[in-house]
Amino acid sequence: MNQIGSLANAQAESLRTFDDVVFHRRTSRRYLPERLSSEVYETLISAAVQAPSACNRQAWKFIVVDDRELLRWLFEQGGASFLDHVHQGILVLYCNRTDNTAYGDPIQSAAAATTILQLKASEMGIGSCWVCHLPPKREIRRRFRIPAYYDPMAFVTLGYCQREPFRRPRKADVATVLSYNRFDFTDPPMPQIDWGMWCRRWGRRLYYLFPWRRGLYPWARKYEKKFYD
């Protein structure tokens, strides 16, 4: 067995319970160049489709992306910077035909499947990152020939980790996020209008409306949140 397989198997062997998998999982953005096999993808998706979905529609689709040109395109059209260095991932889609737009049925159902996909990857010793910093949906549909009634929901990068992900503690403990029967938290109130958020939101919209945004890359990357895991 090669070194990659040994490391992945060693990690998988250490994750024997559900709690092991949940508390061990952390995002990884740096991967070795080895490609995942079709059997690995099938195992991941077999787990993902066990997720709950609104009205039990199970209206997911998953596109494996391991073409270097397509990965480069996702980056160049305004995706997260680290996408320029990944080797593979899965584009998660969900049918957008729903009468419950208030609660975003397609978003919730796709998120449930994506969560299980990541947990299964962690159990198998595979690193992953859930990416929503992507080009506009209309451009992704056109590039990947996706029908209008399916929405791209997320892109999950995958690969064998260059190193063990740093297990940062969660930002809040249970006592600060749990209450019973009413909203009973002591968080300071947020301003009615967050002008900083408003400016960033409109800046993002204008950036993605610009057809030659590649030329704005050096400027735009200054405002992207950077990760060094």
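Colleague: Two strands pair if DSSP finds at least two bridges between them. Which residue in β4 stands opposite I90?

Modeller: V156 in β4 stands opposite I90. Helices (H or I, at least four residues) and strands (E, at least two) are DSSP runs, numbered from the N terminus. Please note that this is a predicted model, in which local features need pLDDT of at least 70, side-chain atom pairs count only at pLDDT 80 or more, and totals for chains, interfaces and linings use all residues. Residues are numbered from 1 along each chain as its sequence is written, and side-chain values use heavy atoms, leaving out hydrogens and water.

Colleague: In which sense do β2 and β4 pair, and over how many bridges?

Modeller: β2 pairs with strand β4 (residues 150-159) in the antiparallel sense, over seven bridges. β1 and β2 are also antiparallel, with six bridges; there, L91 is the bridge partner of I63.

Colleague: How many residues of β2 are buried?

Modeller: Seven of the seven residues in β2 (residues 89-95) are buried, where buried means under 20% relative accessible area, exposed over 50% and partly exposed in between (1.4 Å probe, protein chains only). G89, L91, L93 and C95 point one way, while I90, V92 and Y94 point the other way. In a regular strand, side chains alternate between the two faces of the sheet.

Colleague: Changing topic, what is phi at N181?

Modeller: N181 has a positive phi near 70°, although the residue is not a glycine. Most residues other than glycine have a negative phi. N181 lies in the loop between α7 (174-177) and α8 (195-209).

Colleague: Is N181 buried or exposed?

Modeller: N181 is exposed, with a relative accessible area of 86%.
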